[in-house]
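Please keep the sequence and the 3D view at hand.

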Amino acid sequence: MTQPLGATARHLVRDDADQVAATAADLILEACDDECSVGLATGSSPLGAYDEIVRRVRAGTAPRRVARRGYLLDEYLGLPVGDRNSYASVIRREVADALGLEVRGPDGQAADPDAEAERYGREVAEARVAVQVLGIGRNGHLGFNEPGSALDSRTRVVRLTETTRRDNARFFDSLAEVPTHAITQGLGTIMQARRLVLIALGERKADAVRAALHGPVDPACPASVLQRHPDSYLVTDRAAAGEPGADR
Ligand code: GLP
């Protein structure tokens, strides 16, 4: 475990993806009760933890209802309702349906996206999210808070960087189909969750993880805001922790 001086984010390093999933599931379940709200991130990194929670519920080693509602971290703008790539669809498919969670998120087709972002930000604040699950972009983004996002930013409409669009193009038939804008919970919104659990796997995340944990708390690395949260965890494998020789 590494804990930089003055920082509150705890770094838990595990040997492989299964152990990362188990530790993240422990941290998430510990923060939940059957009536609570959980914040759910898309991306490949949290999938193991989601699967592990579902497995435990089915095996009877976790409560039958782990939470009541799941709140989306972000959502693309402009995808047709029910599109397989909308984050509402992804979260239902990957975790919420299996856990019987009601999914709440911004309407990616709202006529007035700015007003919708504001409405959703208020809804998340009122939900008092017990634990927010997070991944991290290679550039340190959280949700769709790209580098440069104010550390107290509100839930809002954002333009995606080309790096992020290219990274996410693997889920679409072509780069042209990847939306250019999204609504994301702001960094200030994310920080309101009682616990933050960020999951990162693989060498390609090592620079972002290092900056998040050891760099200055600065908009250049949005994930560095975790250093200011009183109950935040980065759960990573050895490769994402930057250990030489890992994951090669
Ligand atoms: C997307 C999501 C982020 C996520 C990131 C990383 O950009 N908006 O919330 O952290 O992907 O995804 P992955 O875990 O697949 O690397």
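D237 is found in strand β10; helices (H or I, at least four residues) and strands (E, at least two) are DSSP runs, numbered from the N terminus. With a relative accessibility of 10%, D237 counts as buried, a class that means under 20% relative accessible area, against over 50% for exposed and partly exposed in between (1.4 Å probe, protein chains only). Beyond its neighbours within four places in sequence, D237 is in contact with V13, R14, V20, A200, L201 and G202, where contact means heavy atoms within 4.5 Å. T61 and D237 are 176 residues apart in sequence, and their C-alpha atoms are 24 Å apart in space.

## Model and confidence

The model is predicted: local features need pLDDT of at least 70 and side-chain atom pairs count only at pLDDT 80 or more, while totals for chains, interfaces and linings use all residues. Residues are numbered from 1 along each chain as its sequence is written, and side-chain values use heavy atoms, with hydrogens and water left out.

The pLDDT, the predictor's confidence in each residue from 0 to 100, has a mean of 94 for the protein, and 96% of the residues reach 70 or more. Residues 1-6 stay under 50, and the model has 11 contacts beyond four places in sequence for them. Where pLDDT is low, the predicted coordinates should not be read in detail.

## The seven-stranded sheet

Seven strands form an open sheet with parallel pairing, in the order β1-β10-β9-β6-β2-β3-β5. Strands β1 and β5 (102-104) are the edges, each pairing on one side only. On average, neighbouring strands are turned by 20° against each other, direction ignored. Within this sheet, β2 (residues 37-40) and β6 (residues 131-134) pair in the parallel sense over two bridges; two strands pair if DSSP finds at least two bridges between them. V38 stands opposite V131 in β6.

Helix α7 packs on the sheet and touches β1, β9 and β10, with its direction at about 150° to that of β10. Axes are lines fitted to C-alpha atoms, for helices over the stretch in contact, and angles run from 0 to 180 degrees between N-to-C directions.

## The buried side of α7

In α7 (residues 206-214), the buried residues are A206, A208, V209, A212 and L213. They lie on the same side of α7, because their arc around the axis is only 160°; the arc is that of the directions from the helix axis to the C-beta atoms. Their cover includes β1 (10-14), β9 (195-200) and β10 (232-237).

## The three-stranded sheet

A further open sheet has three strands in the order β4-β8-β7, with antiparallel pairing. Strands β4 and β7 (156-159) are at the edges with a single partner strand each, so one side of each has no neighbour in the sheet. The twist from one strand to the next averages 30°. Three bridges join β4 to β8 (residues 181-184), and E75 stands opposite I183 in β8. Helix α4 (residues 113-127) lies across β7 and β8, at about 125° to β7.

## Aromatic pairs

Rings of Phe, Tyr and Trp (its six-membered ring) pair if their centres lie within 6.5 Å; planes under 30 degrees apart count as stacked, over 60 as edge-to-face and the rest as tilted. The count is five aromatic pairs. One of them is the tilted pair of Y76 and Y87, at 4.7 Å centre to centre and 45° between the planes. Y76 lies in β4 (residues 74-76) and Y87 in helix α3 (residues 87-99), so the pair ties together parts 11 residues apart in sequence. Both Y76 and Y87 are buried.
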